[in-house]
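Here is a short briefing on one protein chain. Look over the sequence and the structure first, then read the points below.

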Amino acid sequence: MRVNVILRYVGMIMLLLAFFMFVSAGISYVNHMDSAFYPLLLSALLTALLGGFPLIFVEKQDRITNKEGFCIVVGSWLLACVVGMFPYLIWGGEFSVINAWFETVSGFTTTGSSILQNVEALPRGLQFWRMSSTWVGGMGVVMFALVILPALGTSKMMLSSVEMSTLARDNYRYRAQMVVQILLFVYVGLTIFFTFMLKFAGMNWFDAVCHSMSACATSGFGTKNTSVAFYDSAMIDMVLIFAMGISGIHFGLIYATVTGKRNNIFRSEVTLFYLGMLILGSLLIALSLYIADIYPTFRSSLRFASFQFVSVTSTSGFATADSSLWTPFAIILLILGSLICACAGSTSGGMKANRALMALKMLYIRVKQQQHPNAVIRLKMDGVIQEAGVLHTVSLFIVAYLLLILIGTILCTLFGVDLMTSFSGCVASIGNVGPGFGGVNSMANYGDLPAIVKFIFTALMLLGRLEIFGLLQFLLIRWWK
(Lines give C-alpha, C1' and ligand atoms only; values in the text may rest on other atoms or scores of the structure.)
Protein backbone atom coordinates (compact mmCIF):
# COMPACT_ATOMS: atom_id res chain seq x y z
CA MET A 1 0.00 0.00 0.00
CA ARG A 2 1.52 3.33 -1.13
CA VAL A 3 0.90 5.96 1.55
CA ASN A 4 2.22 8.74 -0.68
CA VAL A 5 -0.38 7.93 -3.36
CA ILE A 6 -3.15 7.96 -0.75
CA LEU A 7 -1.99 11.36 0.50
CA ARG A 8 -1.98 12.75 -3.05
CA TYR A 9 -5.63 11.87 -3.65
CA VAL A 10 -6.70 12.98 -0.18
CA GLY A 11 -4.89 16.24 -0.89
CA MET A 12 -7.07 16.84 -3.95
CA ILE A 13 -10.16 16.51 -1.77
CA MET A 14 -8.68 18.94 0.77
CA LEU A 15 -8.29 21.48 -2.06
CA LEU A 16 -11.97 21.03 -2.84
CA LEU A 17 -12.86 21.86 0.78
CA ALA A 18 -10.50 24.85 0.70
CA PHE A 19 -12.42 26.14 -2.34
CA PHE A 20 -15.71 26.07 -0.40
CA MET A 21 -14.01 27.84 2.51
CA PHE A 22 -12.86 30.57 0.11
CA VAL A 23 -16.43 30.89 -1.21
CA SER A 24 -17.72 31.17 2.36
CA ALA A 25 -15.10 33.84 3.03
CA GLY A 26 -16.44 35.63 -0.05
CA ILE A 27 -19.92 35.54 1.48
CA SER A 28 -18.44 37.14 4.60
CA TYR A 29 -16.69 39.78 2.52
CA VAL A 30 -19.86 40.90 0.72
CA ASN A 31 -21.61 41.04 4.10
CA HIS A 32 -19.34 43.89 5.23
CA MET A 33 -16.47 41.55 6.16
CA ASP A 34 -18.33 40.02 9.08
CA SER A 35 -16.51 38.33 11.95
CA ALA A 36 -16.17 35.02 10.04
CA PHE A 37 -14.10 36.50 7.18
CA TYR A 38 -10.61 36.08 8.65
CA PRO A 39 -11.34 32.67 10.30
CA LEU A 40 -12.65 31.35 6.98
CA LEU A 41 -9.81 32.88 4.95
CA LEU A 42 -7.17 31.50 7.31
CA SER A 43 -8.88 28.08 7.36
CA ALA A 44 -8.98 28.04 3.57
CA LEU A 45 -5.27 28.82 3.34
CA LEU A 46 -4.36 26.16 5.92
CA THR A 47 -6.51 23.55 4.18
CA ALA A 48 -5.10 24.50 0.76
CA LEU A 49 -1.54 24.12 2.06
CA LEU A 50 -2.44 20.76 3.61
CA GLY A 51 -3.87 19.59 0.31
CA GLY A 52 -1.25 21.18 -1.92
CA PHE A 53 1.92 19.64 -0.51
CA PRO A 54 1.17 16.04 -1.58
CA LEU A 55 0.34 17.26 -5.10
CA ILE A 56 3.75 18.94 -5.34
CA PHE A 57 5.90 16.12 -3.99
CA VAL A 58 4.02 12.99 -5.14
CA GLU A 59 3.89 12.03 -8.80
CA LYS A 60 0.56 11.36 -10.45
CA GLN A 61 -0.49 7.69 -10.47
CA ASP A 62 -2.98 6.42 -13.06
CA ARG A 63 -3.95 3.28 -11.19
CA ILE A 64 -4.61 2.56 -7.56
CA THR A 65 -5.32 -0.69 -5.74
CA ASN A 66 -8.55 -1.55 -3.97
CA LYS A 67 -6.86 -1.20 -0.60
CA GLU A 68 -5.52 2.24 -1.52
CA GLY A 69 -8.93 3.29 -2.83
CA PHE A 70 -10.52 2.25 0.42
CA CYS A 71 -8.00 4.27 2.46
CA ILE A 72 -8.52 7.30 0.20
CA VAL A 73 -12.30 7.24 0.66
CA VAL A 74 -12.46 6.67 4.42
CA GLY A 75 -9.36 8.78 5.09
CA SER A 76 -10.86 11.66 3.12
CA TRP A 77 -14.03 11.54 5.20
CA LEU A 78 -12.11 11.58 8.48
CA LEU A 79 -9.66 14.30 7.44
CA ALA A 80 -12.53 16.40 6.03
CA CYS A 81 -14.11 16.34 9.48
CA VAL A 82 -10.81 17.48 11.02
CA VAL A 83 -10.13 20.41 8.65
CA GLY A 84 -13.82 21.32 8.72
CA MET A 85 -13.32 22.26 12.36
CA PHE A 86 -10.85 25.03 11.52
CA PRO A 87 -13.37 27.85 10.81
CA TYR A 88 -15.36 27.04 13.96
CA LEU A 89 -12.33 26.85 16.27
CA ILE A 90 -10.75 30.05 14.93
CA TRP A 91 -14.06 31.93 15.13
CA GLY A 92 -14.72 30.81 18.71
CA GLY A 93 -18.12 31.48 20.30
CA GLU A 94 -19.81 28.27 21.39
CA PHE A 95 -17.23 26.13 19.57
CA SER A 96 -15.02 24.24 21.99
CA VAL A 97 -12.99 21.41 20.42
CA ILE A 98 -15.68 18.78 21.02
CA ASN A 99 -18.44 21.14 19.86
CA ALA A 100 -16.54 22.02 16.68
CA TRP A 101 -15.95 18.29 16.03
CA PHE A 102 -19.63 17.52 16.62
CA GLU A 103 -20.85 20.30 14.32
CA THR A 104 -18.40 19.33 11.58
CA VAL A 105 -19.14 15.59 11.67
CA SER A 106 -22.86 16.34 11.80
CA GLY A 107 -22.46 18.52 8.72
CA PHE A 108 -20.40 16.22 6.53
CA THR A 109 -22.48 13.15 7.45
CA THR A 110 -25.65 15.21 6.74
CA THR A 111 -26.99 14.38 10.21
CA GLY A 112 -27.96 17.98 10.87
CA SER A 113 -27.70 17.78 14.67
CA SER A 114 -26.28 20.89 16.27
CA ILE A 115 -24.71 22.02 19.52
CA LEU A 116 -25.56 25.66 18.84
CA GLN A 117 -27.88 27.38 21.27
CA ASN A 118 -28.14 30.39 18.96
CA VAL A 119 -27.71 29.58 15.26
CA GLU A 120 -28.79 33.08 14.30
CA ALA A 121 -25.77 34.53 16.10
CA LEU A 122 -23.46 33.02 13.48
CA PRO A 123 -22.26 35.43 10.78
CA ARG A 124 -23.48 34.61 7.28
CA GLY A 125 -20.10 33.39 6.10
CA LEU A 126 -19.95 30.76 8.83
CA GLN A 127 -23.56 29.79 8.21
CA PHE A 128 -22.73 29.25 4.55
CA TRP A 129 -19.74 27.08 5.51
CA ARG A 130 -22.10 24.90 7.58
CA MET A 131 -24.32 24.51 4.52
CA SER A 132 -21.34 23.88 2.23
CA SER A 133 -20.04 21.08 4.44
CA THR A 134 -23.40 19.37 4.51
CA TRP A 135 -23.98 19.90 0.77
CA VAL A 136 -20.63 18.32 -0.10
CA GLY A 137 -21.31 15.52 2.36
CA GLY A 138 -24.72 14.87 0.83
CA MET A 139 -23.24 13.56 -2.39
CA GLY A 140 -20.24 12.16 -0.57
CA VAL A 141 -16.92 13.91 -0.01
CA VAL A 142 -15.07 11.69 -2.50
CA MET A 143 -17.95 11.41 -4.98
CA PHE A 144 -18.20 15.19 -5.10
CA ALA A 145 -14.49 15.34 -5.94
CA LEU A 146 -14.97 12.76 -8.68
CA VAL A 147 -17.55 15.01 -10.32
CA ILE A 148 -15.38 18.10 -10.59
CA LEU A 149 -11.78 16.82 -10.72
CA PRO A 150 -10.95 15.46 -14.18
CA ALA A 151 -7.34 14.97 -13.05
CA LEU A 152 -8.40 11.79 -11.25
CA GLY A 153 -8.55 10.07 -14.64
CA THR A 154 -8.93 6.28 -14.69
CA SER A 155 -9.00 6.11 -10.88
CA LYS A 156 -12.57 7.42 -10.93
CA MET A 157 -13.96 3.93 -11.47
CA MET A 158 -12.09 2.50 -8.48
CA LEU A 159 -12.95 5.37 -6.11
CA SER A 160 -16.62 5.54 -7.15
CA SER A 161 -17.03 1.80 -6.60
CA VAL A 162 -15.59 2.14 -3.08
CA GLU A 163 -17.53 5.31 -2.19
CA MET A 164 -20.90 4.08 -3.48
CA SER A 165 -22.54 1.10 -1.77
CA THR A 166 -23.64 -1.97 -3.73
CA LEU A 167 -27.30 -1.11 -3.12
CA ALA A 168 -26.75 2.39 -4.54
CA ARG A 169 -25.07 1.03 -7.69
CA ASP A 170 -27.94 -1.32 -8.54
CA ASN A 171 -29.99 1.24 -10.49
CA TYR A 172 -27.12 2.63 -12.55
CA ARG A 173 -26.55 1.18 -16.01
CA TYR A 174 -23.66 3.48 -16.92
CA ARG A 175 -19.88 3.78 -16.75
CA ALA A 176 -18.31 5.48 -13.72
CA GLN A 177 -17.81 8.74 -15.63
CA MET A 178 -21.49 8.83 -16.60
CA VAL A 179 -22.60 8.00 -13.06
CA VAL A 180 -20.84 11.02 -11.57
CA GLN A 181 -22.26 13.23 -14.33
CA ILE A 182 -25.77 12.00 -13.49
CA LEU A 183 -25.15 12.80 -9.82
CA LEU A 184 -24.02 16.30 -10.75
CA PHE A 185 -27.02 16.84 -13.03
CA VAL A 186 -29.60 15.69 -10.46
CA TYR A 187 -27.99 17.12 -7.31
CA VAL A 188 -27.20 20.57 -8.65
CA GLY A 189 -30.44 20.67 -10.64
CA LEU A 190 -32.56 19.91 -7.56
CA THR A 191 -30.66 22.47 -5.49
CA ILE A 192 -31.20 25.24 -8.04
CA PHE A 193 -34.84 24.30 -8.58
CA PHE A 194 -35.73 24.31 -4.88
CA THR A 195 -33.80 27.53 -4.28
CA PHE A 196 -36.15 29.32 -6.67
CA MET A 197 -39.18 27.52 -5.21
CA LEU A 198 -38.28 28.57 -1.65
CA LYS A 199 -37.66 32.15 -2.77
CA PHE A 200 -41.07 32.14 -4.46
CA ALA A 201 -42.60 30.71 -1.26
CA GLY A 202 -41.35 33.64 0.80
CA MET A 203 -37.74 33.11 1.93
CA ASN A 204 -35.01 35.64 1.21
CA TRP A 205 -32.29 34.58 -1.26
CA PHE A 206 -29.72 33.61 1.37
CA ASP A 207 -32.15 31.46 3.37
CA ALA A 208 -33.53 29.94 0.17
CA VAL A 209 -30.06 28.88 -1.00
CA CYS A 210 -29.10 27.52 2.43
CA HIS A 211 -32.31 25.58 2.98
CA SER A 212 -32.25 24.18 -0.54
CA MET A 213 -28.66 22.96 -0.08
CA SER A 214 -29.63 21.42 3.25
CA ALA A 215 -32.86 19.83 2.00
CA CYS A 216 -31.23 18.28 -1.09
CA ALA A 217 -28.46 16.93 1.15
CA THR A 218 -31.19 15.64 3.54
CA SER A 219 -29.31 17.34 6.35
CA GLY A 220 -31.59 19.67 8.29
CA PHE A 221 -29.11 22.44 9.00
CA GLY A 222 -30.99 25.74 9.02
CA THR A 223 -30.37 29.41 9.60
CA LYS A 224 -32.94 29.92 12.38
CA ASN A 225 -33.06 28.76 15.99
CA THR A 226 -36.54 27.29 15.58
CA SER A 227 -35.75 25.65 12.23
CA VAL A 228 -38.53 25.89 9.61
CA ALA A 229 -41.10 26.71 12.32
CA PHE A 230 -39.67 30.24 12.23
CA TYR A 231 -41.38 30.95 8.91
CA ASP A 232 -44.81 29.55 9.87
CA SER A 233 -45.65 29.21 6.18
CA ALA A 234 -47.70 26.39 4.67
CA MET A 235 -46.18 27.14 1.26
CA ILE A 236 -42.60 26.79 2.54
CA ASP A 237 -43.59 23.59 4.34
CA MET A 238 -44.99 22.11 1.12
CA VAL A 239 -41.89 23.00 -0.90
CA LEU A 240 -39.61 21.44 1.70
CA ILE A 241 -41.76 18.32 2.01
CA PHE A 242 -41.38 17.82 -1.73
CA ALA A 243 -37.64 18.62 -1.60
CA MET A 244 -36.96 16.23 1.28
CA GLY A 245 -39.12 13.48 -0.17
CA ILE A 246 -37.60 13.53 -3.66
CA SER A 247 -34.03 13.82 -2.28
CA GLY A 248 -34.63 10.49 -0.55
CA ILE A 249 -35.13 8.71 -3.93
CA HIS A 250 -32.30 7.06 -5.84
CA PHE A 251 -30.74 9.77 -8.02
CA GLY A 252 -30.30 7.35 -10.92
CA LEU A 253 -34.04 6.72 -10.94
CA ILE A 254 -34.76 10.45 -10.82
CA TYR A 255 -32.50 10.92 -13.85
CA ALA A 256 -34.14 7.98 -15.65
CA THR A 257 -37.60 9.41 -14.96
CA VAL A 258 -36.68 12.89 -16.22
CA THR A 259 -35.04 11.49 -19.37
CA GLY A 260 -37.89 9.05 -20.10
CA LYS A 261 -36.02 5.80 -19.41
CA ARG A 262 -37.83 2.58 -18.62
CA ASN A 263 -36.22 1.92 -15.22
CA ASN A 264 -37.86 4.92 -13.56
CA ILE A 265 -39.41 5.85 -10.23
CA PHE A 266 -42.80 4.38 -11.08
CA ARG A 267 -41.35 0.93 -11.83
CA SER A 268 -39.15 0.68 -8.74
CA GLU A 269 -40.46 -1.47 -5.90
CA VAL A 270 -38.21 0.27 -3.38
CA THR A 271 -39.32 3.76 -4.42
CA LEU A 272 -43.00 2.81 -4.32
CA PHE A 273 -42.45 1.22 -0.91
CA TYR A 274 -40.72 4.41 0.31
CA LEU A 275 -43.39 6.76 -1.06
CA GLY A 276 -46.16 4.52 0.27
CA MET A 277 -44.52 4.57 3.70
CA LEU A 278 -44.39 8.39 3.62
CA ILE A 279 -48.07 8.70 2.69
CA LEU A 280 -49.35 6.06 5.13
CA GLY A 281 -47.19 7.27 8.02
CA SER A 282 -48.23 10.88 7.50
CA LEU A 283 -51.93 9.98 7.41
CA LEU A 284 -51.74 7.80 10.53
CA ILE A 285 -49.84 10.43 12.53
CA ALA A 286 -52.23 13.15 11.36
CA LEU A 287 -55.21 11.07 12.44
CA SER A 288 -53.61 10.46 15.82
CA LEU A 289 -52.94 14.19 16.35
CA TYR A 290 -56.44 15.15 15.25
CA ILE A 291 -58.14 12.62 17.54
CA ALA A 292 -55.97 13.79 20.45
CA ASP A 293 -57.07 17.38 19.67
CA ILE A 294 -53.46 18.59 19.41
CA TYR A 295 -54.38 20.55 16.26
CA PRO A 296 -57.87 21.97 15.63
CA THR A 297 -58.42 20.54 12.12
CA PHE A 298 -57.37 17.43 10.24
CA ARG A 299 -55.82 19.65 7.58
CA SER A 300 -53.47 21.34 10.05
CA SER A 301 -52.73 17.96 11.63
CA LEU A 302 -51.78 16.59 8.22
CA ARG A 303 -49.57 19.59 7.47
CA PHE A 304 -47.46 19.17 10.60
CA ALA A 305 -47.56 15.36 10.58
CA SER A 306 -46.47 15.03 6.96
CA PHE A 307 -43.65 17.55 7.36
CA GLN A 308 -42.26 15.87 10.46
CA PHE A 309 -42.60 12.30 9.16
CA VAL A 310 -41.07 13.09 5.76
CA SER A 311 -38.32 15.01 7.55
CA VAL A 312 -37.20 12.12 9.77
CA THR A 313 -37.78 9.36 7.21
CA SER A 314 -35.74 11.17 4.55
CA THR A 315 -33.17 11.86 7.35
CA SER A 316 -33.49 15.61 6.72
CA GLY A 317 -34.22 16.67 10.29
CA PHE A 318 -36.03 19.98 9.69
CA ALA A 319 -38.78 20.76 12.19
CA THR A 320 -41.98 22.77 12.28
CA ALA A 321 -43.23 21.53 15.66
CA ASP A 322 -42.04 19.98 18.91
CA SER A 323 -42.91 16.37 18.11
CA SER A 324 -41.94 15.22 21.63
CA LEU A 325 -45.30 16.66 22.76
CA TRP A 326 -47.25 14.48 20.33
CA THR A 327 -49.06 11.24 21.08
CA PRO A 328 -47.08 8.07 21.92
CA PHE A 329 -48.45 6.51 18.70
CA ALA A 330 -47.07 9.39 16.64
CA ILE A 331 -43.69 9.20 18.40
CA ILE A 332 -43.41 5.46 17.72
CA LEU A 333 -44.10 5.98 14.02
CA LEU A 334 -41.52 8.78 13.87
CA ILE A 335 -38.91 6.52 15.48
CA LEU A 336 -39.83 3.76 13.01
CA GLY A 337 -39.35 6.21 10.14
CA SER A 338 -35.97 7.18 11.64
CA LEU A 339 -34.94 3.52 11.60
CA ILE A 340 -36.04 2.59 8.07
CA CYS A 341 -35.29 5.89 6.29
CA ALA A 342 -35.16 6.48 2.52
CA CYS A 343 -33.62 4.80 -0.53
CA ALA A 344 -30.07 3.80 -1.32
CA GLY A 345 -28.50 5.99 -4.00
CA SER A 346 -29.98 9.16 -2.49
CA THR A 347 -28.41 11.61 -0.05
CA SER A 348 -30.24 10.07 2.91
CA GLY A 349 -28.68 7.91 5.60
CA GLY A 350 -30.17 5.24 7.81
CA MET A 351 -30.87 1.56 7.32
CA LYS A 352 -32.43 2.26 3.89
CA ALA A 353 -35.84 1.29 2.56
CA ASN A 354 -34.10 -1.24 0.27
CA ARG A 355 -32.95 -3.34 3.20
CA ALA A 356 -36.27 -2.99 5.03
CA LEU A 357 -38.17 -4.23 1.96
CA MET A 358 -35.75 -7.13 1.50
CA ALA A 359 -36.15 -8.06 5.17
CA LEU A 360 -39.95 -8.07 4.83
CA LYS A 361 -39.69 -10.26 1.72
CA MET A 362 -37.32 -12.64 3.48
CA LEU A 363 -39.78 -12.91 6.36
CA TYR A 364 -42.62 -13.66 3.93
CA ILE A 365 -40.55 -16.29 2.10
CA ARG A 366 -39.61 -17.92 5.39
CA VAL A 367 -43.30 -18.24 6.33
CA LYS A 368 -44.11 -19.69 2.90
CA GLN A 369 -41.30 -22.22 3.18
CA GLN A 370 -42.59 -23.33 6.56
CA GLN A 371 -45.89 -24.07 4.86
CA HIS A 372 -44.28 -25.70 1.78
CA PRO A 373 -40.92 -27.21 2.86
CA ASN A 374 -40.08 -28.57 -0.60
CA ALA A 375 -40.80 -25.34 -2.49
CA VAL A 376 -37.95 -23.32 -3.99
CA ILE A 377 -38.82 -19.65 -3.54
CA ARG A 378 -36.40 -16.97 -4.77
CA LEU A 379 -36.48 -13.39 -3.58
CA LYS A 380 -36.83 -10.82 -6.36
CA MET A 381 -36.41 -7.05 -6.36
CA ASP A 382 -37.78 -5.29 -9.44
CA GLY A 383 -37.89 -8.67 -11.14
CA VAL A 384 -34.23 -9.47 -10.46
CA ILE A 385 -33.42 -12.56 -8.39
CA GLN A 386 -31.27 -11.66 -5.39
CA GLU A 387 -28.33 -13.94 -4.65
CA ALA A 388 -27.94 -15.57 -1.25
CA GLY A 389 -24.79 -13.52 -0.59
CA VAL A 390 -26.70 -10.25 -1.02
CA LEU A 391 -29.43 -11.37 1.38
CA HIS A 392 -26.83 -12.51 3.91
CA THR A 393 -25.13 -9.09 3.75
CA VAL A 394 -28.46 -7.30 4.23
CA SER A 395 -29.29 -9.43 7.28
CA LEU A 396 -25.83 -8.85 8.74
CA PHE A 397 -26.08 -5.09 8.21
CA ILE A 398 -29.46 -4.89 9.97
CA VAL A 399 -28.17 -6.90 12.93
CA ALA A 400 -25.02 -4.73 13.19
CA TYR A 401 -27.10 -1.55 12.83
CA LEU A 402 -29.45 -2.47 15.68
CA LEU A 403 -26.57 -3.76 17.81
CA LEU A 404 -24.75 -0.43 17.51
CA ILE A 405 -27.91 1.40 18.60
CA LEU A 406 -28.10 -0.89 21.65
CA ILE A 407 -24.42 -0.42 22.54
CA GLY A 408 -24.66 3.35 22.03
CA THR A 409 -27.77 3.56 24.23
CA ILE A 410 -26.09 1.60 27.03
CA LEU A 411 -22.99 3.80 26.89
CA CYS A 412 -25.00 7.03 26.91
CA THR A 413 -27.06 5.96 29.92
CA LEU A 414 -23.80 4.97 31.63
CA PHE A 415 -22.73 8.61 31.44
CA GLY A 416 -25.93 9.91 32.99
CA VAL A 417 -28.20 10.60 30.00
CA ASP A 418 -31.85 9.54 30.34
CA LEU A 419 -33.12 6.52 28.39
CA MET A 420 -35.29 8.32 25.81
CA THR A 421 -32.58 10.85 24.98
CA SER A 422 -29.96 8.08 24.76
CA PHE A 423 -32.00 5.73 22.59
CA SER A 424 -33.50 8.32 20.24
CA GLY A 425 -30.17 10.16 20.02
CA CYS A 426 -28.43 6.94 18.95
CA VAL A 427 -31.15 6.18 16.38
CA ALA A 428 -30.93 9.74 15.03
CA SER A 429 -27.12 9.71 14.94
CA ILE A 430 -26.45 6.40 13.21
CA GLY A 431 -29.34 7.11 10.83
CA ASN A 432 -28.01 10.64 10.14
CA VAL A 433 -31.50 11.90 10.99
CA GLY A 434 -30.72 14.73 13.43
CA PRO A 435 -33.51 15.28 15.96
CA GLY A 436 -34.61 12.61 18.40
CA PHE A 437 -36.78 12.84 21.49
CA GLY A 438 -36.30 13.69 25.15
CA GLY A 439 -33.43 16.15 25.55
CA VAL A 440 -32.61 16.11 21.81
CA ASN A 441 -36.11 16.71 20.46
CA SER A 442 -36.92 18.62 17.29
CA MET A 443 -36.87 21.99 19.06
CA ALA A 444 -33.79 21.30 21.20
CA ASN A 445 -30.11 20.64 20.44
CA TYR A 446 -27.18 18.50 21.58
CA GLY A 447 -25.24 21.31 23.26
CA ASP A 448 -25.93 20.38 26.90
CA LEU A 449 -24.88 16.74 26.61
CA PRO A 450 -21.62 15.52 28.22
CA ALA A 451 -18.59 15.68 25.92
CA ILE A 452 -18.16 11.89 25.90
CA VAL A 453 -21.78 11.43 24.78
CA LYS A 454 -21.27 13.93 21.95
CA PHE A 455 -18.26 11.89 20.85
CA ILE A 456 -20.30 8.67 20.95
CA PHE A 457 -22.94 10.28 18.76
CA THR A 458 -20.34 11.47 16.24
CA ALA A 459 -18.88 7.96 16.09
CA LEU A 460 -22.35 6.64 15.29
CA MET A 461 -22.81 9.36 12.64
CA LEU A 462 -19.63 8.27 10.86
CA LEU A 463 -20.49 4.59 11.17
CA GLY A 464 -23.92 5.25 9.69
CA ARG A 465 -22.65 7.45 6.85
CA LEU A 466 -19.91 4.97 5.91
CA GLU A 467 -22.39 2.06 6.15
CA ILE A 468 -20.79 0.59 9.31
CA PHE A 469 -18.37 -1.85 7.70
CA GLY A 470 -16.56 0.86 5.76
CA LEU A 471 -15.23 2.51 8.91
CA LEU A 472 -14.66 -0.78 10.73
CA GLN A 473 -12.60 -2.19 7.85
CA PHE A 474 -10.52 0.99 7.73
CA LEU A 475 -9.68 0.61 11.42
CA LEU A 476 -8.61 -2.99 10.79
CA ILE A 477 -6.87 -2.39 7.45
CA ARG A 478 -3.42 -3.50 8.63
CA TRP A 479 -4.82 -7.04 8.98
CA TRP A 480 -6.12 -7.15 5.38
CA LYS A 481 -4.72 -10.03 3.33
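Predicted model: local features only at pLDDT ≥ 70, side-chain atom pairs only at ≥ 80, totals over all residues.

An unreviewed UniProt entry places a "binding site" feature at five positions: Thr 110, Thr 111, Thr 315, Asn 432 and Val 433. These residues span 324 residues in sequence, yet no two of their C-alpha atoms are more than 8.3 Å apart, so they gather at one spot.

**Annotated site**

- Thr 110 lies in the loop between α5 (97–108) and α6 (124–139).
- Thr 110 has 0% relative accessibility, so it counts as buried.
- Beyond its neighbours within four places in sequence, Thr 110 contacts residues including Thr 134, Ser 219, Thr 315 and Asn 432.
- Thr 111 sits in the loop between α5 and α6.
- Thr 111 is buried, at 0% relative accessibility.
- Leaving out residues up to four places away in sequence, Thr 111 touches Ser 219, Asn 432, Val 433 and Met 461, among others.

**Salt bridges**

- The count comes to seven salt bridges.
- Lys 224 pairs with Asp 207 at 3.8 Å, N to O. Lys 224 is in the loop between α11 (205–216) and α12 (234–247), while Asp 207 is in helix α11, 17 residues apart. Both residues, Lys 224 and Asp 207, are buried.
- Arg 303 bridges to Asp 232, with the closest N and O atoms 3.7 Å apart. Arg 303 is in helix α15 (residues 298–313) and Asp 232 in the loop between α11 and α12, 71 residues apart.
- Arg 303 is partly exposed at 24% relative accessibility, whereas Asp 232 is exposed at 58%.
- Lys 361 meets Glu 269 at 2.5 Å, N to O. Lys 361 lies in helix α17 and Glu 269 in helix α14 (residues 269–291), so this pair ties together parts 92 residues apart in sequence. Glu 269 is partly exposed, with a relative accessible area of 27%.
- Shared partners join Asp 232, Asp 237 and Arg 303 into one salt-bridge network.

**Nonpolar surface patch**

- A nonpolar patch of about 840 Å² includes Leu 403, Leu 414, Phe 415, Ile 452 and Phe 455.
- Helices α18 (388–414) and α20 (451–465) each give two or more residues to the patch. The largest share, six residues, comes from α18.
- Ile 452 is in helix α20. Its relative accessible area is 37%, so Ile 452 is partly exposed.

**Helix α17**

- Helix α17 (residues 353–371) has 19 residues, which should span 27 Å at 1.5 Å a residue; its end C-alpha atoms are 27 Å apart, in agreement.
- Buried residues of α17 include Ala 353, Arg 355, Met 358 and Ile 365.

Notes: Residues numbered from 1 in each chain as written. Heavy atoms only, no water. Patch = residues over 30% accessible without salt bridge, like charges linked within 9 Å, V, L, I, M, F, W, Y side chains within 5 Å. Areas by Shrake-Rupley, 256 points an atom, 1.4 Å probe, with all protein chains shown as cover. Salt bridge = Lys/Arg side-chain N within 4 Å of Asp/Glu carboxyl O. Helix = DSSP H or I, 4+ residues; strand = E, 2+ residues; numbered from the N terminus. Buried < 20%, exposed > 50% of the residue type's maximum accessible area, 1.4 Å probe, protein only. Expected span 1.5 Å × (residues − 1). UniProt positions renumbered as here; feature names shortened; annotations may be inferred. Contact = heavy atoms within 4.5 Å.
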